[in-house]
Amino acid sequence: MCGIVGYTGTRVAGPVLIEGLKKLEYRGYDSAGLAFHENGQLIITKAAGSVADLEKLLDDKHKTFKAGVGHTRWATHGPPTDLNAHPHSSASGEIVVVHNGIIENHRALRKRLSEEAGIEFRSETDSEVLAHLIEYYFDGDLLTTVRRAMSEVEGSYALVVAGSKQPDLLVCARQASPLIIGIGEGENFVASDIPALLTHTRKTCIMDDGEFASITPEKVELFDKEGLPVEKEIFEITWDQEAAEKGGYDHFMLKEIMEQPDAVRETLRQRVDLEAGKVDLTELEFSAQELSKTERIFIIACGTAYHAGLIGKMAIESIAGIPVEVDVASEFRYRDPLLNPNQLAIVISQSGETADTLAGLRMARSKGLKVLAITNVVGSSVSREADQVLYTWAGPEIAVASTKAYVTQLIALYLVATYLGQIRGTVEPRQSLELVEGLLALPGQLKQVLSEESRTLIKNYCEHLVNWDNAFFIGRNLDYPVAMEGALKLKEISYIHAEACAAGELKHGPLALIEKGLPVVALATQEAVLDKTMSNVQVVNARGGAVFAITREDFDDVSRQVEAVFYLPAIIDILTPVLSVVPTQLIAYYTAVARGCSVDKPRNLAKSVTVE
Ligand code: F6R
């Protein structure tokens with residue numbers, strides 16, 4: 001997500017911070033900023049745009065200061081503008097903060113600070129509230145004040161605070177967002193990621209959740225929530241710059257696959273209420289009346305996002321009882337769909353810039369449909385042109401092949417389906433609770449699916465797959481779109497031709513292609529059609545096809561009927577696509593690696609497709 005760099009020492013801070021921010025550019029960002037001390041004041045320079053643009057704004061005086069903080073922002077609350085860029089300062093300007101993460105109770109804190117302290121907020125960000133809250137409690141000791149203020153904050157944060165009264169002090173706090181301290185000689189650093197530190201030091205100390213740090217050029221001290229000192233181990237980083245950018249993984253794609261538990265947790269945050277057993281999407285300003293009279297939904301998307309849409313259709317139809325059509329955006333725009341203002345369009349786009357999806361959105365709006373966008377990029381074209389936006393909080397996705405963004409699109413669609421079901425009264429409280437519990441269990445289950453043991457199993461399977469030029473992915477019901485996504489991913493990065501087939505359709509033609517040893521990945525996770533899928537598997541077995549099944553641990557009979565099996569944790573049918581896609585991502589990844597392909601940047605493809 002966003003990037004943080006802080007420096008305190010004897011060097012001129014400007015170049016150190018700019019260099020650190022440049023090392024974080026690979027993560028993606030939309031604005032950047034710095035703050036330095038000058039004559040007892042903190043001076044902020046920030047702007048939408050690149051770090052190189054920011055560098056041009058720094059005049060010579062900025063180049064004399066010995067401590068400061070820097071930030072690259074990837075917009076979450078509020079679009080990428082100069083005002084929304086970090087650092088943010090308190091009303092007096094004496095407190096400056098840079099923050100990564102999401103402050104869940106920022107609205108309540110904003111209200112309180114405006115009412116009790118007459119604060120006027122300058123930005124739309126959740127982060128600005130932290131600067132004011134710290135000033136509100138400031139008692140002369142920055143560290144204890146930050147501890148006190150953060151005890152009232154809910155959400156995730158990596159926070160670095162500077163105060164005008166102590167020019168060489170940085171105070172840090174961490175909760176569910178990484179923050180790493182770099183230890184130097186007569187100087188110290190802090191950053192959200194290791195690459196920002198590596199040119200200066202390899203000695204680091206990693207902050208844990210609930211910890212606070214006080215950093216001066218001479219000393220780094222860590223404390224727990226009660227203010228008791230914490231002893232930390234110092235790690236020597238051995239990664240080179242490139243490995244550090246990928247979090248120690250060989251490719252961004254694997255890093256992003258491994259980030260899926262967190263991405264799902266973030267996307268669910270504040271949108272599900274376990275106690276009430278409900279989904280809360282009141283962030284969407286559609287009226288309940290508007291939603292309850294929706295006659296039909298059109299889902300418009302491309303590629304992987306289209307596959308998410310196919311699952312969204314099944315979820316919305318079964319949970320909310322609204323008929324849904326799903327269209328590949330490049331087809332939607334050139335057919336003659338029967339559109340009217342009582343319908344809703346849902347456009348799904350990771351980048352929010354896909355030309356065909358944008359054209360579909362415009363066409364729907366021109367016919368009077370309200371448009372809900374599901375996107376990962378705040379301020380993207382899709383988010384600006386839609387009536388309402390439901391953001392996926394996957395963080396920037398760098399590998400061309402979409403993984404974590406896709407999984408969070410599924411989460412967004414389940415949330416929409418359940419919310420619509422609640423509004424329309426088609427979902428019983430018991431079913432709604434089951435869905436909420438199921439959604440909240442997903443991050444933990446994803447971790448299980450991504451265990452080292454699971455990855456080794458898939459890697460071993462790929463040794464077989466790697467020698468073939470063709471493969472099939474089969475499945476029924478919700479497993480069919482997952483098969484489509486698995487086939488797309490394999491094609492895209494390993495260049496093996498892969499075909500997805502509804503398992504029941506094999507006999508209508510594709511079966512002719514099954515030969516001895518041909519890899520067939522069978523998704524068999526749906527209880528309602530398990531026997532049917534397994535009888536299709538038998539037909540493949542009879543022709544010598546080598547079946548690798550992805551199924552659930554409660555379907556323990558499957559292993560007897562196939563060459564190899566991957567078990568997912570037990571889960572309700574409707575939510576299985578979130579888990580079952582993961583082994584298919586890993587199959588694509590390990591096969592591409594074994595074939596020596598350019599995993600993160602496959603040939604002929606681009607991350608953002610802004611042309612028709
Ligand atoms: C495949 C992939 C693409 C995108 C498609 C739409 O891994 O990433 O199929 O899903 O190009 O892109 P967005 O979601 O940005 O509209």
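Please note at the outset that the model is predicted, with local features needing pLDDT of at least 70, side-chain atom pairs counting only at pLDDT 80 or more, and totals for chains, interfaces and linings using all residues. Residues are numbered from 1 along each chain as its sequence is written, and side-chain values use heavy atoms, with hydrogens and water left out.

I begin with empty space. Rolling a probe the size of a water molecule over the atoms shows where such space is left. On a 1 Å grid over the protein atoms alone, a pocket is an open set of points with protein on both sides within 12 Å along at least five of seven lines, a cavity is a set where a 1.4 Å probe fits but cannot get out, and lining residues have an atom within 4 Å of a point. Points are joined across faces, edges and corners, and a volume is the space filled by probe spheres set on them.

The largest pocket holds about 1400 Å³ of space. Which residues lie nearest its centre? They are Ser177, Pro178, Lys255, Glu259 and Asp262, out of 47 lining residues. Helix 8 (260-268) is one of the elements that supply at least two lining residues, and with five it gives the most. Helices (H or I, at least four residues) and strands (E, at least two) are DSSP runs, numbered from the N terminus. By class, this lining has 20 nonpolar, 13 polar and 14 charged residues. Here Ala, Val, Leu, Ile, Met, Phe, Trp, Tyr, Cys and Pro count as nonpolar, Asp, Glu, Lys and Arg as charged, and the others, Gly among them, as polar.

The second largest pocket has a volume of about 880 Å³. Among its 28 lining residues, His77, Arg107, Glu283, Tyr391 and Trp393 are the closest to its centre. Strand 21 gives the most to this lining, with three residues. Why does this pocket lie between domain 1 and domain 2? Domain 1 (3-245) and domain 2 (254-448) both give residues to its lining, so it lies between them. The domain bounds come from an automatic or database domain assignment.

The largest cavity has a volume of about 40 Å³. Its lining divides into eight nonpolar, no polar and no charged residues. Helix 14 (residues 404-424) contributes the most, with three.

I turn now to helix 15. Its 21 residues (429-449) should span 30 Å at 1.5 Å a residue, and its end C-alpha atoms are 29 Å apart, which agrees. The expected span is 1.5 Å times one less than the number of residues. A kink of about 40° lies at Leu442, shortly before the proline Pro443; the bend is the angle between axes fitted to the seven residues ending there and the seven starting there. Leu442 and Pro443 are among the buried residues of helix 15.

Finally, the backbone. Most residues other than glycine have a negative phi, and most peptide bonds are trans. The bond from His86 to Pro87, however, is cis, with omega near -5°. Asn477 has a positive phi near 55°, and Tyr495 one of about 65°. At 24% relative accessibility, Tyr495 counts as partly exposed, as buried means under 20% relative accessible area, exposed over 50%, and partly exposed in between (1.4 Å probe, protein chains only).
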